[in-house]
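Me: I have a protein model open and I want to learn to read it. Can you take me through the features?

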Amino acid sequence: MVWSWVAMVSRWGPLVGLAPRCLWLLGAVLLMDASARPANHSSTRERAANREENEILPPDHLNGVKLEMDGHLNRGFHQEVFLGKDLGGFDEDVEPRRSRRKLMVIFSKVDVNTDRKISAKEMQRWIMEKTAEHFQEAMEESKTHFRAVDPDGDGHVSWDEYKVKFLASKGHSEKEVADAIRLNEELKVDEETQEVLENLKDRWYQADSPPADLLLTEEEFLSFLHPEHSRGMLRFMVKEIVRDLGEAGSSLAGAPGPGDQRQGPGIAGKSGKVLWESQPGCGLIHSRLTDQDGDKQLSLPEFISLPVGTVENQQGQDIDDNWVKDRKKEFEELIDSNHDGIVTAEELESYMDPMNEYNALNEAKQMIAVADENQNHHLEPEEVLKYSEFFTGSKLVDYARSVHEEF
């Protein structure tokens, strides 16, 4: 037995001797790898600045609101009001079978009376419920952001306190900005930042409930970040959109509307007034319309205006044509409630109000109509799965083959 043990040691001896050298070599490799990777301090600082800026700036996009802050249509609106907090749960890389099951679970929740069909009333109730979820998320985020701009924790934030935090997020020294404001000295900021500051100050004034003291409470700060939470701020947002769409010398793409006709290089309306003017060398058609009478209303050509630019290929022209088509449909069928060809600020405000039950019912009917292949004014499992891209943003394949087992 002793001899066998000695023989075993003699066989393993060379390998045992290698162990310290292997450990030393591994340590050297790890040390070289760590030293070869430069410390990414700049990107860390940039991420921190971006995170800080995102915490205090009003978001460009509001979930569950039909128009963006710049007046563009919210392309993800249908998914937002159908999925609620599950908005990110249907990514393309998720296993399709799991996504189909998840979609059918949602179907069963919407289908309150369990008749395997979704009615407009059931969809309306669901839309209101999912919109409330987005509201709750916004409130929770706003509380966190309020703490970031209220360092002394007194429950109020002044415009100067906010301006210090905003400019600090833009790379300025927080102490230097605070000192300059305290001493009433001029702040040196670039033109773009100054313009953003002026817009933010207008919004700050609007969010400050009477009697105005330029101090925002937590509730007022929520309205500042999310105007959809306040009737007054929603009205302010509508006025901004009407102003921007009505006053801009915008560009239009697409075909003449009903009753319009081409006149030489342009397109004239029934009144003979030139609505759209084509430009040589490009497919773009420019509008010269503005809200000239200052009536704070939107006509159809104003509402379907496009950003100024040029269309250099057919694909770009097709995108512009679809833009005009979508906005024209939205204007005529949903926003212009009395169908007089003019959208007032009141009509636009009603349309944009995410908690408007009448709008939710209209939206429910519209969503059902998209997928209602058998024209029974209800949604059935097969239809929801077939049009999954509309409801979830992802196309779930093999819907027909698996619909019964999934449900």
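Reply: We go from the whole chain to single residues. This is a predicted model, where local features need pLDDT of at least 70, side-chain atom pairs count only at pLDDT 80 or more, and totals for chains, interfaces and linings use all residues. Residues are numbered from 1 along each chain as its sequence is written, and side-chain values use heavy atoms, with hydrogens and water left out.

Me: How many helices and strands are in the protein chain?

Reply: Helices (H or I, at least four residues) and strands (E, at least two) are DSSP runs, numbered from the N terminus. The protein chain has 17 helices and 9 strands.

Me: What share of the residues is buried?

Reply: Buried means under 20% relative accessible area, exposed over 50%, and partly exposed in between (1.4 Å probe, protein chains only). Of the 407 residues in the protein chain, 41% are buried.

Me: What share of the contacts in the protein chain with a separation of 6 or more comes from residues 24 or more positions apart?

Reply: A contact means heavy atoms within 4.5 Å. The share is 60%.

Me: What lies at the start of H14?

Reply: A polar contact is a pair of N or O atoms within 3.5 Å; within protein, one must be able to donate a hydrogen and the other to accept it, and residues adjacent in sequence count only if both atoms are side-chain atoms. Here a side-chain oxygen of asparagine 356 comes within 2.9 Å of the backbone nitrogen of tyrosine 358.

Me: Is threonine 392 buried or exposed?

Reply: Threonine 392 is buried, at 6% relative accessible area. It belongs to helix H16 (residues 388-392). A polar atom of its side chain lies 2.7 Å from the backbone oxygen of serine 388. Leaving aside neighbours within four places in sequence, threonine 392 touches Gln79, Leu83, Phe90 and Leu103.

Me: And glutamate 333: buried or exposed?

Reply: Glutamate 333 is exposed, with a relative accessible area of 51%. It sits in helix H12 (residues 314-335).

Me: How many aromatic pairs does the whole structure hold?

Reply: Rings of Phe, Tyr and Trp (its six-membered ring) pair if their centres lie within 6.5 Å; planes under 30 degrees apart count as stacked, over 60 as edge-to-face and the rest as tilted. The search finds 11 pairs. One of them joins phenylalanine 146 and phenylalanine 221, edge-to-face, with 5.6 Å between centres and 65° between planes. Phenylalanine 146 is in helix H5 (residues 120-149) and phenylalanine 221 in helix H9 (residues 218-225), 75 residues apart. Phenylalanine 146 is buried at 3% relative accessibility, and phenylalanine 221 is buried at 0%.

Me: Which residues form one aromatic cluster?

Reply: The cluster is formed by Phe146, Trp159, Tyr162, Trp204, Phe221 and Phe224. Tryptophan 159 and tryptophan 204 are both buried.

Me: Where does the charged end of lysine 130 sit?

Reply: A charge sits over a ring if NZ of Lys or CZ of Arg is within 6 Å of the ring centre and within 35 degrees of the ring normal. Lysine 130 has its charged end over the ring of tryptophan 126, 4.3 Å from the centre. Lysine 102 lies over the face of phenylalanine 90, at 5.6 Å from the ring centre.
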